[in-house]
Amino acid sequence: MSYRGRGTNASSGMGVAEQSMTTYLELQRKKVHRYVIFKIDEKKKEVVVEKTGGPAESYDDLTASLPENDCRYAVYDYDFVTSENCQKSKIFFIAWSPAVSRIRAKMLYATSKERFRRELAGIHYEIQATDPTEMDLEVLRDRAN
């Protein structure tokens, strides 16, 4: 299934690389990845996979992989146990836009976000973060419960 036709963002011109969709589906359906970090490739004008984290990796591994001074999108598969002792999993979409990143990058990621997020069916929650405290594990825990 090709996403090229659907993947063009009219306002920013950003498409979604087919590999980005495939990798997301591996996280969502097959649990191959704990997280996926995406970046915008300005030359190709599309959202591409920058890094994946295996099932054994933690949320700390994801946050440590985000650049301190540039924007990224990330998807994290959060496993937790409910108060009724049920094992659950929720998928978080994280829009990382640190305050110190370039204005152009912030604008590019902001204008492309909605289109990209819509391509990723099955996202449960979205977090917009400009510094690490806004996407602390406690934030995910609070949203998921």
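View 1. The model is predicted: local features need pLDDT of at least 70, side-chain atom pairs count only at pLDDT 80 or more, and totals for chains, interfaces and linings use all residues. Residues are numbered from 1 along each chain as its sequence is written, and side-chain values use heavy atoms, with hydrogens and water left out. Thr23 lies in helix H1; helices (H or I, at least four residues) and strands (E, at least two) are DSSP runs numbered from the N terminus. With neighbours within four places in sequence set aside, Thr23 is in contact with His33, Val36, Val49 and Thr52, where contact means heavy atoms within 4.5 Å.

**View 2. The open sheet of 6 strands.** The strand order is E1-E3-E2-E4-E5-E6, and the pairing is mixed. The edge strands, E1 (15–16) and E6 (125–129), each pair on one side only; two strands pair if DSSP finds at least two bridges between them. Strands of a sheet pair through backbone hydrogen bonds, either parallel or antiparallel. Strand E5 (residues 87–96) runs parallel to E6 and is joined to E6 by 5 bridges. Trp96 stands opposite Ala129 in E6.

**View 3. Strand E2 and its partners E3 and E4.** Of the 7 residues of E2, 6 are buried, and the strand is mostly covered. E2 and E3 run antiparallel, joined by 7 bridges, and Tyr35 has Gly53 in E3 as its bridge partner. These two strands form a hairpin with 4 residues between them, and Lys45 in the turn has a positive phi of about 55°. E2 also runs antiparallel to E4, with 4 bridges; the bridge partner of Ile37 in E4 is Ala74.

**View 4. Helices H1 and H3 across the sheet strands.** H1 (residues 18–30) lies across E1, E2 (35–41), E3 (46–53), E4 (72–81) and E5, and runs at about 40° to E3. H3 lies across E1, E2, E3, E4, E5 and E6, at about 50° to E4. Axes are lines fitted to C-alpha atoms, for helices over the stretch in contact, and angles run from 0 to 180 degrees between N-to-C directions.

**View 5. Helix H3, residues 103–119.** At 1.5 Å a residue, the 17 residues of H3 should span 24 Å, which agrees with the 25 Å between its end C-alpha atoms; the expected span is 1.5 Å times one less than the number of residues. H3 bends by about 45° at Lys113, the bend being the angle between axes fitted to the seven residues ending there and the seven starting there. The buried residues of H3 are Ala105, Leu108, Tyr109, Ser112, Lys113, Arg115, Phe116, Arg117 and Glu119.

**View 6. Cys71 in the loop between H2 and E4.** Helix H2 covers residues 59–65. Cys71 counts as buried because its relative accessibility is 0%, whereas Cys86, at 37%, counts as partly exposed. Cys71 and Arg141 are 70 residues apart in sequence and 23 Å apart in space, C-alpha to C-alpha. The count of disulfides is 0, a disulfide being a pair of cysteine sulfur atoms within 2.5 Å.

Methods: Buried < 20%, exposed > 50% of the residue type's maximum accessible area, 1.4 Å probe, protein only.
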